[in-house]
Amino acid sequence: MLAQVDTFVGPEVNWFALSPLIALVAGALLMMLAGALTPRWPNGLYALACATTAGTAGALAMVQWDDITDNGPTTLVAGAVAFDTFSMFVTILICVSIILVAMLADDYLRGTPNDGPEIYALLLTAGAGGVVMASANDLIVLFLGLETLSLALYVLAASNRRSNRSGESGIKYFVLGGFASAFFLYGIALVYGATGTTNISEMVVALQNTVDLETPDGLALAGVALLLVGLGFKVAAVPFHIWTPDVYQGAPSPVTAFMASVAKAAAFAAMLRVLVIALPFYRDDWRPVIWVLALLSLLVGSVVAVVQTDVKRMLAYSSISHAGFLLVGVEAAGHTAGELDPGSGMSAVMLYLMLYSVMVIGSFAVVLVVQRHAGGDSSIEAFRGLSMRRPAIATAFTVFLLAQAGVPFTSGFIAKFGVIQAAVDVDSYAIAVIAMVSAVIAAFVYLRIMLTVWTGTPAENSEPIRVPLAVGVTIAGAAVFTLFAGIIPGWLIDATDTVTQYAR
Amino acid sequence: MAELVWLIPAFPLLGFLVLLLFGRRLGDPIAGYFAAGMVFASFVVAAAIYFDFLGKPEEDREEVVTLFSWLPVGELQVDLAFLADPLSIAMCLFVCGIGGLIHLFAIGYMQGDPKFSKFFLYLNLFVFSMTLLVLGENLLVTFLGWEGVGTCSYLLVSFWHTREEAATAGKKAFITNRVGDWGVMLAMFLAFATVGSLSYNALNDAAESGLMSGVAATGIAMLLLLGATGKSAQLPLYFWLPDAMAGPTPVSALIHAATMVTGGVFLLVRINPVITVAYDWVPTTIAYVGGITALFAATIALAQNDIKKVLAYSTVSQIGYMILAVGSGAYVAAIFHMITHASFKALLFLGAGSVIHGMHDEQDMHKMGGLRKYMPVTAACYIIGYLAIAGVPPFSGFWSKDEVLLYALADSVPLYLLGLIAAIITAFYMTRQVILVFFGEAKWESRANEAEAPEPEPTPQSVGAAVSDDPDEAAPDGGAVTTHGAHGEFKPHESPPVMLIPLVVLAFLAATAGVLNLPALFGIPTRSQLKLEEWLHPVIEFGEADIKSSWAYENEYLLVALAIACVAVGIGLAWLIYSQKRIKPWEPSFLANGWYYDSTIAKFMGGPGRAGFQAVADVDRLYDRHVVDGTAIGVRETAGQLRKGQTGNVRQYAGFIGLGALLILAWLVVFRGIL
């Protein structure tokens with residue numbers, strides 16, 4: 001044993017290249033430490049610290065982005081972590097989302113027993129987990145990130161101790177998440193058994209050299225199937241979506257916004273890493289599965305959303321239908337996975353994730369405002385006549401809903417256009433047409449919410465709706481971004497075009 | 001000059017932004033005059049470009065102005081670019097010209113409305129979107145305007161949100177249009193997949209040079225036809241338009257008569273080379289969609305009692321003529337009829353608005369009558385519009401309708417008959433409307449005595465009068481106009497000048513717009529003939545049908561005579577029935593109810609349609625509760641002891657996930673043979 005320790009040589013670590021991740025983790029640890037040792041900080045300071053940390057991490061990621069575009073992608077820590085624009089794009093996305101969610105959480109937590117550093121530290125930890133998932137170049141590292149993200153999310157979902165529903169939501173998510181993680185881990189084990197490695201770079205080489213096309217390797221394919229289950233759960237694709245409505249509805253609104261943005265983005269990044277980057281060899285095996293998942297998610301998500309009466313549940317189902325759209329992009333990427341010309345599927349998914357994250361956080365911010373006013377009620381009735389009481393909020397909400405419906409001049413149109421164009425590019429017409437049909441159906445849901453907001457008179461209780469400054473700024477910022485990216489999306493499209501130059 | 005084409009949408013956009021920021025401060029009526037000014041500014045720019053083009057040789061009358069690259073997605077490069085050519089400039093001229101007049105009218109009509117500036121904000125946004133639609137250099141920019149006008153229409157129809165009917169109508173318009181929009185989006189992706197570009201020039205060039213296959217052209221044309229049936233309110237998607245009349249009347253005039261609803265026709269004319277290279281049945285289908293809609297909607301208009309509903313169905317019918325023209329290869333006639341229709345239908349709607357305004361928000365024609373004495377200017381203008389739509393020479397509608405019928409006959413006889421019968425019915429129902437509203441007895445007099453009479457703003461005085469009058473003065477004999485003091489409240493009045501001026505201008509246009517494209521008949525001097533055809537020539541030369549050698553063309557005199565005879569029959573019949581009362585009116589309820597088309601759809605969407613959606617939701621739940629239960633029954637048995645402390649739900653959820661995993665594995669086993 002001792003001899004082994006003597007000969008162990010740690011991998012060479014380019015610390016600066018890891019700085020965005022380090023910033024997030026260090027921020028979380030510092031907040032916990034300082035928060036425990038010092039008396040209560042003044043109002044808003046915890047959130048500010050959290051947002052600053054995320055902002056720093058995001059800025060560092062942008063610095064790394066420059067480095068990558070100049071010197072090309074590479075791997076770090078002995079090939080365990082990929083250092084490419086793909087991971088940096090997701091890092092920036094996650095950091096932006098954390099900033100927005102922290103601003104929402106600030107007011108939400110005031111006056112509750114949770115008004116301390118813990119929630120913010122958990123946000124940062126979850127974010128760090130997401131970053132690891134997106135940058136992993138090794139399935140074990142990816143699993144590590146997945147668990148870091150998930151464990152933090154379980155706690156966050158259950159964090160509202162005054163609400164039974166929040167607790168229920170947390171425990172449901174925890175049990176099912178654990179179940180899905182087991183599938184995922186088993187999948188990794190099987191793939192390891194088939195290829196002899198968990199490292200993505202080595203796996204690609206091993207598959208190309210050893211597997212013979214005539215007799216598909218059952219071990220590896222079973223592994224792929226189990227990986228698909230784990231990933232399908234995380235991205236909330238039908239039929240693995242079953243937890244989503246309950247958990248979204250029960251969790252505190254800022255946490256729901258966080259799940260719909262950060263968790264979804266990280267899960268899709270992981271899905272692209274595993275399927276498109278690590279397993280292009282089996283693309284003809286996993287692509288039909290993705291096709292079916294996309295189809296089911298699109299249809300179930302949009303159709304079931306129509307009959308919901310609770311806005312949070314509607315948005316939960318709509319997030320399932322958005323997952324369907326993203327899967328259309330993944331399916332498109334599957335056609336050309338591993339080829340020299342990687343197609344536009346990956347870029348389209350990345351673009352969709354960025355645009356969707358912002359609009360969904362904006363939507364949940366409005367839900368948060370209304371729900372607090374209505375004493376925790378998020379049913380559609382609580383939104384009646386919102387335009388009369390808060391025209392600005394109603395306008396922003398309309399922008400988010402139009403964007404989710406994919407109306408031009410909003411970012412949602414650019415997002416949907418991207419994935420469908422990617423699908424058409426590789427002749428996947430059927431799924432592209434189905435996606436557009438489901439968009440038509442889903443438009444009804446958004447219209448219903450909009451109509452409730454703009455028509456009808458508010459209930460008798462005429463107390464003014466309070467919009468805290470931070471929440472207002474979040475909503476305004478998200479709305480401006482949604483419109484801006486819808487009108488001038490070129491810069492974002494250019495950025496996402498580079499993610500296909502991934503490291504492996 | 002043409003490089004300034006971006007100014008045309010820029011002015012209304014500026015108007016929108018200014019009103020958005022300072023609308024309330026500008027207030028009533030400055031906000032309205034400002035908005036109207038912005039639209040007229042666009043008109044001036046369009047006119048300047050028109051004269052600039054006139055001075056150039058025909059092949060130079062085109063300019064593409066690129067603002068910036070909007071969507072650089074891989075090979076697909078979509079620019080935010082405008083195309084100034086004879087077609088788009090002609091469209092801009094009438095959209096901005098008539099739009100500006102309607103803005104002016106609205107200043108008077110909306111006076112005193114608490115949301116006055118908001119109304120003009122929407123109107124300017126609409127004009128902006130509409131100019132984007134017609135000026136777009138590619139399908140995507142057009143689609144942007146397409147969605148924009150749809151959204152504005154939806155906002156303006158539900159402008160008076162408090163009216164439940166208005167909110168429902170807005171919803172219906174939105175949903176129906178989404179179906180059409182879906183067709184346009186599919187067409188875009190198909191165009192991209194086959195031609196690799198969304199630009200009109202690229203698409204039309206590909207069609208003209210034979211690079212585009214017949215299949216692709218057929219697909220694109222049929223999908224765009226679906227879009228056109230949604231936006232232009234044709235069968236099977238027409239039913240939103242009559243309900244959209246719940247919006248304020250200037251909106252009906254601008255959006256649901258003159259401009260937006262012709263968007264579908266414009267789009268089809270724009271891609272006329274693609275239609276030409278599509279399979280032969282494509283133009284035939286287009287023509288029949290238009291012809292059947294023209295007749296179908298005209299029959300419904302026969303039995304409507306709401307003054308605006310008649311005009312709404314007549315709009316559907318008239319757009320049917322335009323689509324019929326497109327299908328017969330008469331693209332010039334389609335645009336010609338679009339322009340004349342825009343002027344006379346805007347006039348009719350504004351006239352109806354003036355009547356409604358003067359009648360204190362009464363819309364039932366059976367409660368009007370004899371109004372020509374009280375609203376002479378409105379009546380005179382309205383009658384000019386009526387003569388134009390009925391097709392009485394020499395008013396504008398006569399010329400354009402004749403042109404459409406000529407090409408329809410050259411194409412096929414059934415199409416011609418559809419159009420001709422629709423023309424008789426049009427003359428009939430419009431005569432009926434004019435008689436009911438402006439001639440005959442004054443039926444509104446009795447309103448004072450109806451306790452339930454709908455009054456927009458009952459002043460204490462009038463309410464008191466109505467109640468006290470009830471016992472002793474309840475015998476209005478009609479005929480002689482007597483206005484007792486109390487009845488004075490209900491006396492119709494002429495509208496203010498700001499509403500009348502646009503009426504007079506539009507009446508002038510409706511009477512004379514025929515000179516745009518006079519046929520080679522009646523010894524009309526050659527240089528005055530077919531001006532519009534000459535102007536549009538570079539845009540439509542590939543698609544326009546050549547009928548010079550057809551029987552119809554050689555016997556055009558006969559057709560004209562037949563058309564005039566038909567109009568005379570329609571007018572005469574209506575005169576006998578409604579003015580002379582010689583014949584009992586025939587207004588069956590199935591016509592009044594629009595052949596029950598709408599209510600059947602509503603029933604389906606409310607009944608089985610909604611049930612279908614509910615069923616999917618139920619199945620989702622059922623799956624979760626029962627199917628999963630069933631498959632997971634073994635798990636349940638073994639977990640029986642642990643069950644007490646659990647909610648049960650989570651276990652089912654886990655079963656669901658397990659089931660999904662099994663299915664994926666099963667798929668790999670069965671189809672990929674992993675065992």
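This report walks through a predicted model, from its chain B overview to a few individual residues.

## Chain B at a glance

What about contacts along the chain? Take the contacts in chain B with a separation of 6 or more: 79% of them join residues 24 or more positions apart.

## Where the two chains meet

Now for the meeting of chain B and chain A. On one side, 48 residues of chain B take part, and they are in contact with 61 residues of chain A. Together the two chains bury about 5,300 Å², and 81% of that is on carbon and sulfur atoms.

How many salt bridges turn up across this interface? The rule finds 0 between chain B and chain A. On the chain B side, the elements giving two or more residues are β1 (63–73), α3 (116–135), α4 (139–157), α5 (164–195), α24 (597–631) and α26 (649–672). Of these, α26(B) gives the most, with 14 residues. Sort the chain B side by residue type and you get 34 nonpolar, 6 polar and 8 charged.

In soluble globular proteins, nonpolar side chains tend to be buried together. In this model, the largest nonpolar core holds 439 residues, and the members touching the most others are A:Y120, A:F268, A:L279 and A:W286. Helix α14 (residues 345–373) of chain A supplies the largest share of this core, 21 residues. Another core lies apart from it, with 5 residues, among them A:A443, A:L447, A:L451 and B:F174.

Which residues does A:L279 touch, once its neighbours within four places in sequence are set aside? The list is A:M203, A:L207, A:V224, A:L227, A:V274 and A:W286. One of those, A:W286, is also among the members of the largest core that touch the most others.

## A serine inside helix α14

Helix α14 of chain A is also the place of A:S357. Is this serine buried or exposed? A:S357 counts as buried because its relative accessible area is 2%, and the cut-off for buried is under 20%.

Leaving out residues up to four places away in sequence, A:S357 touches A:L93, A:S97 and A:S261.

## Two cis prolines

In chain A, the bond from A:V238 to A:P239 is cis, with omega near 5°. You'll find A:P239 in the loop between α9 (218–235) and α10 (244–250).

In chain B, the bond from B:L235 to B:P236 is cis, with omega near 0°. B:P236 sits in the loop between α7 (214–231) and α8 (240–243) of chain B.

## Positive phi in chain A

Next come two loop residues with a backbone angle worth a look. A:A78 has a positive phi of about 55°, although it is not a glycine. Its place is the loop between β1 (74–76) and β2 (81–83) of chain A. A:A78 counts as exposed because its relative accessible area is 65%, and exposed means over 50%.

A:D427 isn't a glycine either, and its phi is positive, near 65°. This residue is in the loop between α17 (411–425) and α18 (429–454) of chain A. With a relative accessible area of 53%, A:D427 is exposed.

## A loop serine in chain B

Last stop: B:S213, in the loop between α6 (200–208) and α7 of chain B. How exposed is B:S213? It is partly exposed, with a relative accessible area of 39%.

The side chain of B:S213 reaches the backbone nitrogen of B:A216 at 3.2 Å. Looking back along the chain, B:S199 is 14 residues away from B:S213, and their C-alpha atoms are separated by 17 Å.

How values were computed
Residues are numbered from 1 along each chain as its sequence is written. Chains are lettered from A and ligands numbered from 1 in the order in which they are written. This is a predicted model: local features need pLDDT of at least 70, side-chain atom pairs count only at pLDDT 80 or more; totals for chains, interfaces and linings use all residues. Side-chain values use heavy atoms; hydrogens and water are left out. A nonpolar core is a set of buried Ala, Val, Leu, Ile, Met, Phe, Trp, Tyr and Cys residues joined through side-chain atoms within 4.5 Å. Buried means under 20% relative accessible area, exposed over 50%, partly exposed in between (1.4 Å probe, protein chains only). Helices (H or I, at least four residues) and strands (E, at least two) are DSSP runs, numbered from the N terminus. Contact means heavy atoms within 4.5 Å. Buried area is the accessible area (1.4 Å probe) that two parts lose on being put together, summed over both. A salt bridge is a side-chain nitrogen of Lys or Arg within 4 Å of a carboxyl oxygen of Asp or Glu. Ala, Val, Leu, Ile, Met, Phe, Trp, Tyr, Cys and Pro count as nonpolar, Asp, Glu, Lys and Arg as charged, and the others, Gly among them, as polar. A polar contact is a pair of N or O atoms within 3.5 Å; within protein, one must be able to donate a hydrogen and the other to accept it, and residues adjacent in sequence count only if both atoms are side-chain atoms.
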